Amino acid sequence: MAEKQPLVQVENLSKHFIVGKSVLRAVDNVSLTICRGETLGLVGESGCGKTTFGRTLLQLYRPTSGTIIFDGKNVSGMKRRELVSFKKDAQIIFQDPYASLDPRMTIGDIVAEGLNVHFSLSGEEKRQKAAALLQKVGLGEDYISRYAHELSGGQRQRVGIARALAVEPRFIVCDEPISALDVSIQAQVINLLIQLQRDFSLTYLFISHDLSMVRYISDRIGVMYLGSLMELADNETLYSDPVHPYTQALLSAIPVADPDLGTVRQRIKLEGEIPSPINMPSGCKFHQRCRCAQEICSRELPELREVAPGHMAACHFAGELSRT
Amino acid sequence: MERILEVKDLHVHFNTYAGKIRAVRGVSFHLNRGETLAIVGESGCGKTVTSKALLRLYKPPQVGIGETSQILYSGEDVLKMGKKRLQDYRGHQVGMVFQDPMTSLNPTMKVGDQIAEALLIHNKISKKEARTQAVEALKLVNIPNPEKRAECYPHQLSGGMRQRVVIAIALSCHPSVIVADEPTTALDVTIQAQILDLLAEIKEKTGTAIILVTHDLGVVANFATRIQVMYAGQIMERGTTREIFYQPSHPYTEALLNSVPKLSSKDKGELYSLKGTPPDLILDLACCPFCARCPYCMPICRERMPEETALSDTHRVSCWLQHPSAPAVGSLNNARKAGE
């Protein structure tokens with residue numbers, strides 16, 4: 001199948017930050033593949049490294065180790081010119097539409113800025129292109145000469161999307177694009193993203209902590225905890241049959257907007273909080289909070305292994321545990 | 001049931017250079033002793049302003065409260081309280097939990113001292129006694145090692161822990177009502193679940209009534225006794241939790257419920273989304289505030305604000321569709337059922 005061709009292959013990617021004299025392992029040995037035309041969801045709690053992963057993937061941070069292969073080419077070995085073309089192909093939509101737009105630039109200039117780098121167009125051509133893009137994301141042409149402060153959150157995020165689309169990318173990292181927006185506006189933006197994916201055959205990495213939205217938009221979903229990938233599966237499997245105790249607990253913590261269902265559903269309570277990524281626990285990173293932890297869990301780090309076709313999990317007991 | 005708090009025709013406006021922003025436009029509701037009332041709505045709908053007005057946290061001249069407005073606590077008008085009485089009322093009768101635990105604590109004070117501060121203001125006790133009670137309060141909100149934690153500064157604690165401290169402060173003087181303004185919005189889902197459990201546990205233990213202000217319908221589904229949905233400074237619909245979730249009668253409530261993807265459904269159809277954005281609150285709205293976004297909008301909706309219609313003892317809705325001469329309303333619920 002044509003659509004199953006990998007577009008982005010990540011192998012053992014790590015990103016460490018130096019904090020004083022210690023090392024913060026924000027992303028720790030993550031490997032995954034994103035296929036052409038699919039949406040890979042990446043979920044996890046704050047501080048689990050999902051945003052750092054997205055940014056490292058786009059070379060906004062220099063990876064500490066590991067390889068990123070984009071469309072068959074190794075990104076880390078790229079020369080400057082190749083890197084420019086990589087950055088044209090891979091774009092990002094940022095989390096906070098209030099902070100990611102320059103307040104002193106008009107919307108038209110914001111959208112057209114990327115065109116200056118990647119295309120040589122005349123002023124009039126740029127204007128037309130920006131107008132067409134704004135039209136495409138559901139804002140009228142008349143927004144072109146406005147400023148960001150005149151727009152609402154949802155409109156700003158549409159500008160952020162238009163900016164990412166301007167350079168005709170093939171791959172977009174959506175870094176929590178809806179978490180700053182209201183529920184009714186979230187649905188508008190999600191529908192727009194899905195529409196654009198169809199129209200331009202885009203590939204998304206969709207980073208979010210909103211597990212119900214991720215399920216809605218993604219084909220496959222990866223769950224991160226403390227910089228590591230805990231489980232990766234297609235979205236149906238992940239929600240109906242999660243094998244990692246962390247995924248199970250995370251899913252059961254989602255509040256359900258249905259009073260009857262909520263009382264029937266069993267909640268797995270997670271005690272305590274996420275350990276510090278500077279002082280990582282030994283062995284499995286989750287063992288201190290895991291309800292099924294055994295002696296081996298504090299000694300050995302479980303590898304991410306395949307428990308069923310296409311379903312990976314990093315747990316010594318994956319597949320052996322029941323859900324309750 | 002005893003009505004502990006009653007709000008009558010609350011109007012709140014902000015005086016700005018651009019003009020008067022009327023954030024809350026005639027809201028009336030009550031809170032029974034020991035129950036949980038949720039106020040749900042999107043940003044800018046007036047839910048936070050309503051909750052802060054309950055403690056009279058707004059001062060003139062920047063903020064004005066309507067002359068006919070009344071907030072009655074056990075029959076006593078909060079808006080007419082003297083300075084001393086108000087001080088006692090805030091804390092002893094009504095406690096407040098703010099939205100963002102990162103900014104609502106003083107970064108230069110130990111958390112134990114911050115709880116003790118509230119205790120010292122409201123009670124005639126020694127510093128030492130306040131200190132012991134502060135540790136007790138930390139224990140009540142399930143903070144492990146409370147003696148040690150009382151010596152910490154806010155930056156040494158995680159978001160969930162900080163929110164527990166904020167709750168401990170609100171609880172310290174044993175109020176009979178807690179107003180919680182988006183207490184879990186800044187937190188992760190697993191921590192959110194812990195905090196909601198904690199609030200439920202406290203309610204069980206102390207019999208405190210809770211007003212929960214939130215935008216997340218998932219949070220209220222298993223937590224609230226009654227829900228009221230706000231939009232553009234007005235209450236659009238109110239009812240018991242089951243009535244709101246299973247018989248939503250206002251198109252806005254309907255839309256809110258539908259724009260959340262359901263975890264149980266495998267449907268990948270287009271997510272229901274409302275067009276447009278809420279109205280600018282600087283405008284005088286004589287019409288239904290939702291008319292511009294409503295899929296069922298009729299000519300009358302653009303002319304006059306509908307009256308509140310009672311559907312049951314607890315369920316009330318402000319919508320012209322409830323009017324006897326309006327076209328069939330059943331289509332609303334039928335469409336929803338067909339979609340499931």
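## Domains, a helix and a chain contact

In this predicted model, the domain assignment divides chain B into domain 1 (3-224) and domain 2 (230-263 + 270-339). The C-alpha centres of domain 1 of chain B and domain 2 of chain B are 29 Å apart, and 22 residues of domain 1 of chain B are in contact with 15 residues of domain 2 of chain B. On the domain 1 side of this contact, strand S2 (19-32) and helix H8 (217-221) of chain B each contribute at least two residues, with S2(B) giving the most, nine residues.

Helix H3 of chain B comprises 12 residues (residues 111-122), which at 1.5 Å a residue should span 16 Å; the end C-alpha atoms of the helix are 17 Å apart, which agrees. Its buried residues are B:Val111, B:Gly112, B:Gln114, B:Ile115, B:Ala116, B:Ala118 and B:Leu119, and what covers them includes helix H2 (83-93), helix H4 (127-140), helix H5 (146-149) and helix H6 (159-171) of chain B.

Between the chains, the contact draws 34 residues from chain A and 33 residues from chain B. Helix H6 (183-200), helix H7 (211-217), helix H9 (245-253) and helix H10 (259-264) of chain A each supply at least two residues of the side that touches chain B, and the largest share, seven residues, comes from H6(A).

Methods: Residues are numbered from 1 along each chain as its sequence is written. Chains are lettered from A and ligands numbered from 1 in the order in which they are written. This is a predicted model: local features need pLDDT of at least 70, side-chain atom pairs count only at pLDDT 80 or more; totals for chains, interfaces and linings use all residues. Two residues are in contact if their C-beta atoms, placed from the backbone, lie within 7 Å. Helices (H or I, at least four residues) and strands (E, at least two) are DSSP runs, numbered from the N terminus. The expected span of a helix is 1.5 Å times one less than its number of residues. A residue is buried if 20 or more other C-beta atoms lie within 10 Å of its own, exposed if 12 or fewer, and partly exposed in between; C-beta atoms are placed from the backbone. Domain bounds come from an automatic or database domain assignment.
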